[in-house]
Amino acid sequence: MRPAAFITGITGMAVVAGLLLAGEARLGGGTAGEETASAEETVTAAADAAPKAGERATMSDDRAEMIARSVEPTAPPSQAPSDGVAPKPAPQQAETPAGETASPATKKAVELARPMVDNAGILSFGERRLQIAGIVPTPVDRICGQAGRQWPCGMMAKTALRLLLRNRSVSCDLETVEWKETVTTACRLGTEDLGSWLAENGWAEAAVGSPLTAAAEKARQAGKGLYGDDPRRN
């Protein structure tokens, strides 16, 4: 049998089948319209698909590409985490504003045991020295009083401070206990500020701009400490 006759026979059979289906749909009612349309589309599609006698079965490149795309597997939808919890974004590091510098070390009260008294204003802890803030330390060799009535007020001022401390511990405001050479800061014996005690009793002069200026001036007017007579004669 020739190929053209074979194709023509198949086309005829498809047409006959479509007509039979259409007639049956009319008799059945209900979905007749839908089935009739389906049968007609089938017949039309078969007729279009069948090549005419003497023509080769060919397909355009566009048609082939469209069919290939229709059968390509689609990408599966993204899967959520098995536990149903969305992943958390990575934490961001805190940024330091440009130009910002580290805060300076704050001073804290440090207890220092059994200080030695160098003079009325300076304490020593081995090779380290601590100058009491707000006053001018009184030199040990200072001499006070008028001619004929002079007395070693510097040594007496040192003795007065030493008798006040009596080898007890003091609390001083320091950034670290490992300071070197001499550091100036406030110190207390219990609740008694050592700078205030020296200024109020006249055993040390107030430093320039010190808040102890008024207390030192009051002691001078009252003739206390350095501003009075030799206490050994009283």
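Q: How many disulfides does this structure have?
A: A disulfide is a covalent bond between the sulfur atoms of two cysteines. In this model, which is predicted, the count comes to 2 disulfides. When the bonded cysteines are numbered in sequence order, the pairing reads 1-2, 3-4.

Q: Which cysteine is joined to cysteine 144, and what is the S to S distance?
A: Cysteine 144 is joined to cysteine 153, with 1.9 Å from S to S. The torsion about their S-S bond is about 70 degrees, so this disulfide is right-handed.

Q: Are cysteine 144 and cysteine 153 buried or exposed?
A: The cut-off to keep in mind is that buried means under 20% relative accessible area. Cysteine 144 has 5% relative accessibility and therefore counts as buried, and cysteine 153, at 0%, counts as buried too.

Q: Where in the chain do cysteine 172 and cysteine 187 lie?
A: Cysteine 172 and cysteine 187 are joined by a disulfide with an S to S distance of 2.1 Å. This pair links distant parts of the chain, since cysteine 172 belongs to strand β6 (residues 170-174) and cysteine 187 to strand β8 (residues 187-189), 15 residues apart. The link is right-handed, with 115 degrees about the S-S bond. Cysteine 172 is buried, its relative accessible area being 0%, and cysteine 187 is likewise buried at 0%.

Q: How should I read a sheet, and what is the order of the strands in the open sheet of 4 strands?
A: Strands of a sheet pair through backbone hydrogen bonds, either parallel or antiparallel. Here the order in the open sheet is β2-β3-β4-β7, and the pairing is mixed. Because β2 (116-119) and β7 (182-185) stand at the edges with a single partner strand each, one side of each is left without a neighbour in the sheet. From one strand to the next, the twist averages 30 degrees.

Q: How many bridges join β2 to β3?
A: There are 3 bridges between β2 and strand β3 (residues 122-125), and these strands run antiparallel. Within this pairing, methionine 116 has serine 124 of β3 as its bridge partner. The hairpin of β2 and β3 has 2 residues between the strands, and in this hairpin glycine 121 takes a positive phi near 150 degrees.

Q: Which helix lies across β2 and β3?
A: That is helix α4 (residues 153-165), which runs at about 160 degrees to β2.

Q: How many salt bridges are there in this model?
A: Side chains of opposite charge can pair when their charged atoms come close. In this model the count comes to 5 salt bridges. One of them joins glutamate 205 to arginine 142, with the closest N and O atoms 3.4 Å apart. That pair links distant parts of the chain, with glutamate 205 in strand β10 (residues 205-206) and arginine 142 in the loop between β5 (135-136) and α4, 63 residues apart.

Q: Where do the partners aspartate 173 and arginine 188 sit?
A: Their side chains meet in a salt bridge at 2.8 Å, N to O. Aspartate 173 is in strand β6 and arginine 188 is in strand β8, 15 residues apart. Aspartate 173 is partly exposed at 24% relative accessibility, and arginine 188 is partly exposed at 21%.

Q: How many residues apart are glutamate 217 and arginine 220 in helix α6?
A: They are 3 residues apart in helix α6 (residues 213-221), so about one helical turn separates them. The side chains of glutamate 217 and arginine 220 meet in a salt bridge of 2.6 Å, N to O.

Definitions and conventions: Residues numbered from 1 in each chain as written. Predicted model: local features only at pLDDT ≥ 70, side-chain atom pairs only at ≥ 80, totals over all residues. Heavy atoms only, no water. Pairing = 2+ DSSP bridges. Axes fitted to C-alpha atoms, helices over the stretch in contact; angles between N-to-C directions. Contact = heavy atoms within 4.5 Å. Disulfide = S-S within 2.5 Å. Buried < 20%, exposed > 50% of the residue type's maximum accessible area, 1.4 Å probe, protein only. Salt bridge = Lys/Arg side-chain N within 4 Å of Asp/Glu carboxyl O.
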